[in-house]
4 protein chains.
Amino acid sequence: MTVRAGIIGATGAVGQRLIQLLEPHPEFEIAALTASESSAGKSYRDASKWRINMPIPESIAEMTVQATDPDSVPDDVDIIFSSLPSSVGEQVESEFCEEGYVVSSNSSNSRTADDVPLTVPEINADHIDLLEVQRDNRGWDGALVKNPNCSTITMVPPLAALEEAFGLERITVSTLQAVSGAGYSGVTSMEIIDNAIPHIGGEENKMETESRKLLGEFDGAEIHWHDAQVDASCNRIPTLDGHLENVWTDTAEDVDAEAAAEAMREYPTLDLHSSPDQLVHVFEEPERPQPRLDRDRENGMAIAAGGLQETEAGLQFNCLAHNTMRGAAGASVLNGELLLEKGYL
Amino acid sequence: MTVRAGIIGATGAVGQRLIQLLEPHPEFEIAALTASESSAGKSYRDASKWRINMPIPESIAEMTVQATDPDSVPDDVDIIFSSLPSSVGEQVESEFCEEGYVVSSNSSNSRTADDVPLTVPEINADHIDLLEVQRDNRGWDGALVKNPNCSTITMVPPLAALEEAFGLERITVSTLQAVSGAGYSGVTSMEIIDNAIPHIGGEENKMETESRKLLGEFDGAEIHWHDAQVDASCNRIPTLDGHLENVWTDTAEDVDAEAAAEAMREYPTLDLHSSPDQLVHVFEEPERPQPRLDRDRENGMAIAAGGLQETEAGLQFNCLAHNTMRGAAGASVLNGELLLEKGYL
Amino acid sequence: MTVRAGIIGATGAVGQRLIQLLEPHPEFEIAALTASESSAGKSYRDASKWRINMPIPESIAEMTVQATDPDSVPDDVDIIFSSLPSSVGEQVESEFCEEGYVVSSNSSNSRTADDVPLTVPEINADHIDLLEVQRDNRGWDGALVKNPNCSTITMVPPLAALEEAFGLERITVSTLQAVSGAGYSGVTSMEIIDNAIPHIGGEENKMETESRKLLGEFDGAEIHWHDAQVDASCNRIPTLDGHLENVWTDTAEDVDAEAAAEAMREYPTLDLHSSPDQLVHVFEEPERPQPRLDRDRENGMAIAAGGLQETEAGLQFNCLAHNTMRGAAGASVLNGELLLEKGYL
Amino acid sequence: MTVRAGIIGATGAVGQRLIQLLEPHPEFEIAALTASESSAGKSYRDASKWRINMPIPESIAEMTVQATDPDSVPDDVDIIFSSLPSSVGEQVESEFCEEGYVVSSNSSNSRTADDVPLTVPEINADHIDLLEVQRDNRGWDGALVKNPNCSTITMVPPLAALEEAFGLERITVSTLQAVSGAGYSGVTSMEIIDNAIPHIGGEENKMETESRKLLGEFDGAEIHWHDAQVDASCNRIPTLDGHLENVWTDTAEDVDAEAAAEAMREYPTLDLHSSPDQLVHVFEEPERPQPRLDRDRENGMAIAAGGLQETEAGLQFNCLAHNTMRGAAGASVLNGELLLEKGYL
């Protein structure tokens, strides 16, 4: 028995990745695709400008794209994967939830709302039960679950391992982010060739807040955010896919770099379909991980780490993840798998 | 009266930039060019693979390249500009100093030696008098002055302004460095297109030590290094010229971002020929400075800063400099100008 | 006495280059800047997103941008430089011409119209007198002159030299075009990094028609197009500025590569302000010209050629020009200088 | 029963691709790896700098690399895949052939020798029997088969289709070649970022000669080269993998673009393991094929074509292939499969 899934915002960069992941998925089947009014009624082939280096799956190419509206989606769809622009996400996702749909969303709206679970299943699967609070609050038959920003997801797994092993007091992070994170047209070639841009609107705040919520504790009623000081500086560089990050941590206990590597390697994964066999791949070679060489590990769902060095105050390290797989489409699909396992579908 | 100058290691990437700067220089005239044995005897045009986007100056193209050896350089040359690989720099530069030449060197050897001045003239011109100690120690008629690593030079001017205004206790820096910093053949295209490399051998240590020496105090006998904790993480990105850096500082006194910008803007420049009119250009636009747009300010000799934000512990900001101009060739020329002004030539 | 000039479409990529060229120009002074309705009333600093790697000239930054309309431009403006999108150029340029303005336009509309001179002054300055025919036909007090497409301009000077020396019967050309040719937002980074695009809409046809008009004969009444067969294939590559082209020619007479190089080198330039001292720079090194190394020769107004080789049917060679300087803004300014010299202003 | 294979020159860029293809191959098993003297005795993991975006196959990583010498390779190895630099290929490959090994070589030496088959199996499999002549001439127990240059392979399949349908009289080709074609260190980042290089040493000649040999006729005794005039111009661009080419053909008979597309699509493939299901994928969209989007079709073994347009003299079109797969390692493996099928192993 597969779960019938709709993708809203199906023609964008993340929408295309969602199709790439869901079309062969053993647990989900794609039953509806939506996009903006101007695309409604067209075949997916005509409505999308497909830019992934494999052909559009045949079964998808001829599907008719609907307008993004609960009425356009069949009632027997069980889950909605959303990659809407955040400007429209807030309202549209609420409408779907009111109509009883369970929404796994990659859009940035509502991520830090008190009653919205923000989950990376391997890290804080227990936060999903905040949905009970959400339903009480909002009176929805449906439900809204969020995954964090791509740059946050990249650093949280190794940080979670360090938190368990040594306790985190302060986190400083600099990002080298790929252009695909801004969507297909987000960064022009004239902006980025032979260049770098030391600013991504709102991104620093996302990293500083979302990471503390993810690493926080859920007591059955609310999430108590982690109280580490987090400072982020975000940069765009001329790389297609894969966010690379330099991280410094001040820890409560003294860190040994070997023990830190061990903690990362042994951090447990889940047996959800999209979870990697090993959550954090730790490299010994100081020049790794690198975006082009390491972003595709375990179908783009593994986190890579390297460059672990003790500092006076704790540990510095580098980490990397595929921003549109582990950091976006894959994150939403993984949350969908968690919802299924936990009985929310 | 111009000073006769020799360039040793004249065919490399920094050597070419030295020619670009010294050929039209009002105070220096190029009197000798040296390179490896295999180039000796050739015209500079034939010996070098010129890669700057202007033609080789005509007066230089036909000069004969000599072997890198004090005996090959005319005695009436007063100053040697050196951009040798560090592996050979140590020995060769000493030989020139013993023979009485004053050497302004960009090579990384000896930068942290107790009796070698490491100077960025606008920041610590007074350190130059460490040469008295050097001559006592080494018995040289010549003298050896160093400029720091390109990535260090980029951050030190804004840091010096913050040190004066607020006091620095801790510095954390992440770099996004251009490929020209590794020399012409240092980074292959297959390594860096659609990629980034989170490691540059030895670079982190250079930033951590050289910045503390530069910000240190010279008491007439020795340099007392600044005692701030410095943690650096260095990355190579697909940019041709211009190192961009994200910096966090913990300060002794509370920082106000406006006051910090003011302190940077007002940090004094010098009236040396190559000094910029304003040492630190501070941008209000959060997405600036950017390598391609801002590396050429004031002939590549200005430092650009931006993104100033208060943090819990101090200030975070971004900075940028042209790595082969302000960060290498221009830095050596500026040290030559300082040596001239201070009477060492 | 300077000529008062207006720039319509002043905020775009070519508009910015026009400002860069006209602000220090000895014969023109910028008296009006126009852009779309949404920019009207703003300062140029606020209306434009300035992306050239030098600051906006101070005298320009605070000028008020007007709507693109003859009524918004002072009557004492003598010449209008136009870089409008071709979709609006046709109508708007006609309105200016009717109101008596002389328009030097880079827009692609009307380039092949029978009574519109399409000129590259060093090549076909005599075609400018087609304006007499134009005024008869259209009853305009003003006048409309066009420069060709950037990719056409690049190859025409060396072709004109070959036409004179050997006679041209057939021309085949493949282009490697820079992203700036599509305007600031024309090519996204996701489209072009680690990629190339073998199609630029309408470009092949422009090269095939415009080159034949430029190489044609003006008999005082009409232009007789050159009858060579021209086949073009146009490609976009990940280069910022500078179009590189591979050209094959079948010639009427046997070609000697040395004589061809001589013909290119000796092709006469003009003494207009923006004309280069030498129109075609011919390289002996087979790997030149290259976009980044050679696009800036003579302030971006020289054509570079190289790789000349005899073939069975004629000659093959490569050529290069800066597409937004020689190929667009500089081409329009040069036409303005020609109009001034010929007494049309 | 698998065939035991050795790879000589196993650590280079093509050598790594050979391992990627042969390790999972059903008909071959990797039994020996050789490299230069300095690597002999090391594990493959230590001897190679692995740069493919998948881990080194475990079974290969610990194999011991041997010196490149027939004595270092076990006698029961049946086939040698060679990707040596051409400077050493001539002599070393001959030594292996004398010792009785069958060599499938990607090296450029000997490709146009009268008694060496140069084959692309889908195009001219019958040329393989030139080996009988080779053995008579050279007295070898072994045999030497070559695949053509990567840029030649890319255009020959669509050309072969046009030859059959319309007859070819003249071929003009411009290439946009990826940096991987020059080997891992062949093109530095400073050479190619924001640039293009209109020259690749020897490449034009390879395309002009190899294509005519491939399209030639074998009469049982010798190859009669095709007599079309071929003119090539070769360019390096900032793309990692995938050579894109613009081709113009003059044909004996009138061309219809639709019929040409049909001829390409229906050109027969083979049922060798590495042959694609369809040899030439023809795109209708004028902006395709593109290197990043289309180089990986059918495991990198398909040729992509597009942009077919009739010209006065024939047809112009674009084509693309993965240069280190279809154009190098995959080409050698395919020749190995042909040798096996034809009974030479």
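## Model and conventions

This is a predicted model: local features need pLDDT of at least 70, side-chain atom pairs count only at pLDDT 80 or more, and totals for chains, interfaces and linings use all residues. Residues are numbered from 1 along each chain as its sequence is written, while chains are lettered from A and ligands numbered from 1 in the order in which they are written.

## Chains A and B

In this interface, 30 residues of chain A are in contact with 30 residues of chain B (contact: C-beta atoms, placed from the backbone, lie within 7 Å). Five elements of chain A each supply at least two residues to its side: β7 (168-177), β10 (229-236), β11 (243-251), α11 (291-294) and β14 (314-321). Helices (H or I, at least four residues) and strands (E, at least two) are DSSP runs, numbered from the N terminus. β10(A) gives the most, with 4 residues.

By class, the side of chain A that touches chain B divides into 11 nonpolar, 14 polar and 5 charged residues. Ala, Val, Leu, Ile, Met, Phe, Trp, Tyr, Cys and Pro count as nonpolar, Asp, Glu, Lys and Arg as charged, and the others, Gly among them, as polar.

A rotation of 180 degrees with 0.0 Å of shift along its axis superposes chain A on chain B, at RMSD 0.0 Å. Superposition is by least squares on the C-alpha atoms of residues with pLDDT of at least 70 in both copies. The same surface serves both copies: 100% of the contact residues of chain A recur in chain B.

## Chains B and D

Here 14 residues of chain B are in contact with 14 residues of chain D. The chain B side has 8 nonpolar, 4 polar and 2 charged residues.

Chain B superposes on chain D by a rotation of 180 degrees with 0.1 Å of shift along its axis (RMSD 0.0 Å). That is the relation of a two-fold axis. The copies meet through the same surface, because 100% of the interface residues of chain B are also interface residues in chain D.

## Helix α6 of chain C

Which residues of α6 (130-138) of chain C are buried? They are L130(C), L131(C) and Q134(C). Buried means that 20 or more other C-beta atoms, placed from the backbone, lie within 10 Å of a residue's own. Seen down the axis of α6(C), the buried residues fall within an arc of 100 degrees, so they line one face of the helix. The arc is that of the directions from the helix axis to the C-beta atoms.

The buried residues of α6(C) pack against β6 (143-146), β8 (217-218) and β9 (223-224) of chain C. Just after α6(C), G139(C) takes a positive phi of about 65 degrees.

How values were computed:
Two residues are in contact if their C-beta atoms, placed from the backbone, lie within 7 Å. A residue is buried if 20 or more other C-beta atoms lie within 10 Å of its own, exposed if 12 or fewer, and partly exposed in between; C-beta atoms are placed from the backbone.
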